[in-house]
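Let's take a walk through this structure together. Have a look at it first, and then we'll go through it piece by piece.

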Amino acid sequence: MTIDSALISSEKVLIADDDEPTRILLRTAISKWGYQVIEATHGEQAWDLLQQPDAPKLLVVDWLMPQLDGLALCERIRNQLVLQPYIIFLTRLSGTPNILKGLEAGADEFLIKPVNYSELHIRLLAGERIVKYRDIVISKNQELQVCLTYINTLEQLLYLILEGKK
Amino acid sequence: MINLNYLKTIFGDDQKEINEFLNLFVNSAQKSVQEIEQATQNKNVRLLKFQLHKLKGSAGNSGFVKLADVCQQAEDHIEQQDWTLIARDCLEIKNYILRLENEVAKKSIACS
């Protein structure tokens, strides 16, 4: 697995899969691409990790897991999290109805197992790019809110000054 | 049986790391086989489907295509509710894991 240095990242990736060998394979590959890897063995654990401060912004999730499966986890993320991770679904459940089910639940990408690692890497890079743009939009929105508050204050001051001159 | 070229694309040439992974896979698969056997005896379709699907995914991701195929075959037989064929598939899975265990043990001895 040769790695172009331009493709190395420092973003965190959360792997949610109940199968230990699969987690090891994913962890080995993903950390070689420079990502920090965090692991969850079921959906509830992944959900807890996603609510921590500085939570991972990229999620690689298996469909069938105990406690809370990947589909239910996606739905919960889309319904309850403000800052949502980029979700890559990994499953052996192929076929259009399953793909649609996964995407409808809120997955951004859908990859069929066994994992094609080159494809996974490209999807992670795409996810990282989208998350970065989203963060820029959020940050610019916050700046705009500050400016708007400032403009409103100035407007009120101007109004008071003009009122005083009457 | 072991797709070394595939594992090398992930672990590189680190034979020790590959052996550790193979031992872990065998242990994990043995646990799955126990669950599969129990679910077959109890005719617990839900648990059997879950365990077979899990082992199929694990095997496929780890380069054991033949094992993944047998798991798929067993899943198909569950749909047909053919318990004779399911029992035969389970035996095939068990024997595969046994042969794999021996092969991994030989590899580990050769490397030590």
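Of the 112 residues in chain B, 34% are buried. Keep in mind that this is a predicted model. What is chain B built from? It has five helices and zero strands, so if you read along the sequence you simply get α-α-α-α-α. Its radius of gyration comes out at 15 Å, close to the 13 Å that the globule rule gives for 112 residues, so chain B is as compact as a globular protein of that length. Along its principal axes, the C-alpha trace of chain B spans about 45 × 25 × 15 Å. And if you take the contacts in chain B between residues at least 6 apart in sequence, 51% of them join residues at least 24 apart.

Now hop over to chain A. Here five strands make an open sheet, lined up as β2-β1-β3-β4-β5, with parallel pairing. At the edges sit β2 (36-40) and β5 (109-112) of chain A, each pairing on one side only. On average, neighbouring strands of this sheet are turned by 20° against each other, ignoring direction.

Zoom in on β3 (residues 58-62) and β4 (residues 86-91) of chain A: they run parallel and are joined by five bridges. In this part of the sheet, A:V61 stands opposite A:F89 in β4(A).

Helix α1 (residues 20-32) of chain A touches β1 (12-16), β2 and β3 of chain A, and its direction makes about 165° with that of β2(A). Helix α2 (residues 43-50) of chain A lies across β1, β2 and β3 of chain A, running at about 160° to β1(A).

Terms used: Residues are numbered from 1 along each chain as its sequence is written. Chains are lettered from A and ligands numbered from 1 in the order in which they are written. This is a predicted model: local features need pLDDT of at least 70, side-chain atom pairs count only at pLDDT 80 or more; totals for chains, interfaces and linings use all residues. Two strands pair if DSSP finds at least two bridges between them. Helices (H or I, at least four residues) and strands (E, at least two) are DSSP runs, numbered from the N terminus. Axes are lines fitted to C-alpha atoms, for helices over the stretch in contact, and angles run from 0 to 180 degrees between N-to-C directions. Two residues are in contact if their C-beta atoms, placed from the backbone, lie within 7 Å. The radius of gyration is taken over C-alpha atoms; the globule rule is 2.2 Å times the number of residues to the power 0.38. A residue is buried if 20 or more other C-beta atoms lie within 10 Å of its own, exposed if 12 or fewer, and partly exposed in between; C-beta atoms are placed from the backbone.
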